[in-house]
Amino acid sequence: MNLIPLSALLAFFYSFALGKPVQVATRNKDVDSDTILHEGDIVLRRKRSAINCDSSCFWPKSRDGLVSVPVNVSTEFSVAERTWIAEAMQEFATLTCVQFINRRTETNYISVVPGKSCWSHFGKIGGMQQVSLMKTGCMSKGAIQHEMNHALGFLHEQARSDRDNYVKIMWEYIMAGEQGNFGKVNSNNLGLPYDYSSVMHYGTFDFSKTSGKATIVPIPDPSVPIGQREGLSNLDVAKINKLYSCNCCSNVLHKPNDTFSSVNYPSSYPDNSNCLWLIRIPQHQVFLQFDAFDLQPSPDCTSDYIRIYDGSSRNSSVLLDKLCGMGSLPSLVASRNVMLLEFVSDETTAATGFQASYSQVKCGSTLMGTSGVITSPDYPNRYPKNQDCFWIISAPADRKISLKMVSFELEDIDECKYDYLLIHDGSRPTSPAVGPYCGTMQIADFTSSENFVLVEFHSDVSWVFPGFMLNYTFGKSNCKNLGRVGEFSC
C-alpha cells in the first residue's frame with residue numbers, strides 16, 4: 001500500500017490512468033508501518049500499480065443509476081464533527097450520482113476515522129478501507145471532500161499531465177524531501193479543462209520552505225486563486241459525473257456575483273430536465289433575483305417548476321416552493337453563503353425558462369411568517385460599520401404587508417447619504433421606494449401595494465447609532481392567488 005498525507009490536501013481531479021507514481025519517503029503512524037504516502041495523502045495499492053487501475057478501482061453503479069458508497073463514521077468524532085462530515089458527503093449526493101450511505105452489512109465500505117494526519121486510499125480497494133481525518137486540520141467541507149474524492153478514484157489536480165501549461169512548480173522553494181509531492185503523471189483528463197478552483201488542487205504555498213514564497217504559480221496570471229476548501233467546484237462535479245457516467249445536470253456557481261439561466265435560454269429549455277444550480281459565494285449571504293421567468297404552466301406546477309432551498313441540499317428548508325407560469329418572481333435572501341435552485345421539466349416543453357442573477361449582502365433574511373420583527377444588526381446595541389442588508393418580506397398573493405416603525409435612530413446627514421433605510425414596494429432594489437430615512441425622522445406606517453416588501457439598510461465606515469426596530473404584519477388584499485406565477489384574480 002502506498003499513501004498521501006493531508007499536507008497535499010488541495011487538489012482534485014481526474015480518474016484512473018496514473019503514470020509512474022512518485023513515492024514520498026514519508027510513513028504514517030496511523031497505518032501499517034510499511035505504508036508510503038504518495039503525494040502527501042493517498043494510499044495506492046500494494047499489488048496493483050495505479051497505472052493499471054481500471055473499472056475495478058471504482059465503486060459500482062446500481063440499476064437505478066446511483067453509485068452507493070457505504071460509509072461508517074467513527075463515534076470518536078463529536079456530534080458537530082459528524083455533522084460536518086455528513087454535510088460534506090451530502091454535496092456529492094446533491095450534485096452527482098454518487099451517494100455516501102450508512103454502512104450496514106456491506107463488505108466493501110469506507111471507514112472514516114480521526115487520525116494524526118489526513119489521507120485516503122486511491123479508489124475502491126475492497127473490504128474495509130480507511131479515510132483518516134485529522135480533527136485539527138481536516139474538518140472543513142472541502143478538506144473532507146478532498147479525501148473522499150481520493151476514495152472515489154481521483155488524484156491531485158496539479159499532478160495531471162498537462163499541468164505545465166497552467167502552473168509553474170517553483171522547485172527552489174519546496175521543502176527538502178517534499179519534491180515528490182509535486183510529481184506529474186500520465187493522467188486521463190476526461191476531456192475536461194484544468195481546474196484552478198478544484199478541491200483537489202494544492203495551495204499556492206504548500207510545502208514552501210520560505211515564508212511568502214509560492215511553490216505553485218498559476219500561468220499566465222499568477223494572481224489566480226488555487227487550492228480552495230469551500231466545497232466541490234463546478235469542474236469537480238463535472239469530473240465525478242463524467243467518470244461515473246452520471247446522468248446529472250448540476251452546476252456550481254462560486255463567484256461573488258454572477259448571472260445564470262436555464263439550458264438553451266432564451267430558446268425553449270429541454271424536455272425531461274432535472275437541473276441544479278448550487279450558489280456558493282465566498283462569504284456573507286446570497287441575494288438572488290430573477291430577470292426573466294417563463295415556465296410551462298400546470299395545475300399546482302406538477303409538470304415544470306423551480307424550487308429554491310436555503311442551503312446546499314434538498315434537505316434544506318425551502319425558500320420558494322414549486323412555481324411555474326410566466327411573470328415576476330420575488331427576490332430572495334439566503335440565511336448563509338449558499339443557496340440551491342432546482343429546475344424540473346416534463347416530456348413537453350413550450351417555454352423559454354429563466355434568467356437570474358445573484359450577489360451578496362452582509363445581513364438580512366427572507367421572511368414568510370404572517371408577522372415579525374426586523375431590526376438593524378446588533379440591535380439594541382449600535383449597528384456595525386459598513387453594512388448592506390436586505391430583508392425581503394414575502395406574503396401569499398392574496399395579502400399585503402404593513403410596516404410600523406417602533407424605534408429609529410441612524411446617523412443624521414443631509415440627503416441621508418451615509419447611513420440610511422429604504423422601504424421598497426416590491427422585492428427588488430429597483431422597486432419603487434419610500435425614503436431614504438436617517439437621523440430620527442418620523443416614519444409613517446407603510447402598506448405595500450402587492451405581496452412583497454424589501455427593507456434595505458446601509459451604514460458607512462464611520463459613525464454608528466442605535467439603529468431601528470420595525471414590525472410587519474400581513475393584511476388582506478382584493479386578489480386571489482390562482483397558484484401560478486403572475487396569475488391572480490382581483
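In this predicted model, the lining of the second largest pocket draws at least two residues from each of β5, α1 (79–95) and β6 (98–102). Helix α1 provides the largest share of that lining, with seven residues. The volume of the second largest pocket is about 560 Å³. Its lining comprises 25 residues, of which Trp84, Ala86, Glu87, Met89 and Gln90 are the closest to the pocket centre. By residue class, the lining of this pocket consists of ten nonpolar, eight polar and seven charged residues.

Phe58 belongs to the loop between β4 (42–43) and β5 (67–73), and Tyr244 to the loop between α3 (234–243) and β12 (249–253), so the pair ties together parts that are 186 residues apart in sequence. Phe58 and Tyr244 are both buried. One aromatic cluster is made up of Phe260, Tyr269, Trp277, Phe290, Phe293, Phe343, Phe354 and Tyr358.

Contacts between charges and rings were also identified. The charged end of Arg103 is placed over the ring of Tyr109, at 3.9 Å from the ring centre. Lys322 is positioned over the face of Tyr305, 4.6 Å from the centre of the ring.

Technical notes:
Residues numbered from 1 in each chain as written. Predicted model: local features only at pLDDT ≥ 70, side-chain atom pairs only at ≥ 80, totals over all residues. Heavy atoms only, no water. Helix = DSSP H or I, 4+ residues; strand = E, 2+ residues; numbered from the N terminus. Buried < 20%, exposed > 50% of the residue type's maximum accessible area, 1.4 Å probe, protein only. Phe/Tyr/Trp six-rings, centres within 6.5 Å; stacked < 30°, edge-to-face > 60°. Lys NZ or Arg CZ within 6 Å of the ring centre and 35° of its normal. 1 Å grid on protein atoms, 1.4 Å probe; cavity = no way out; pocket = protein on both sides within 12 Å on 5 of 7 lines; lining within 4 Å. Points joined across faces, edges and corners; volume = space filled by probe spheres on them. Nonpolar A, V, L, I, M, F, W, Y, C, P; charged D, E, K, R; others polar.
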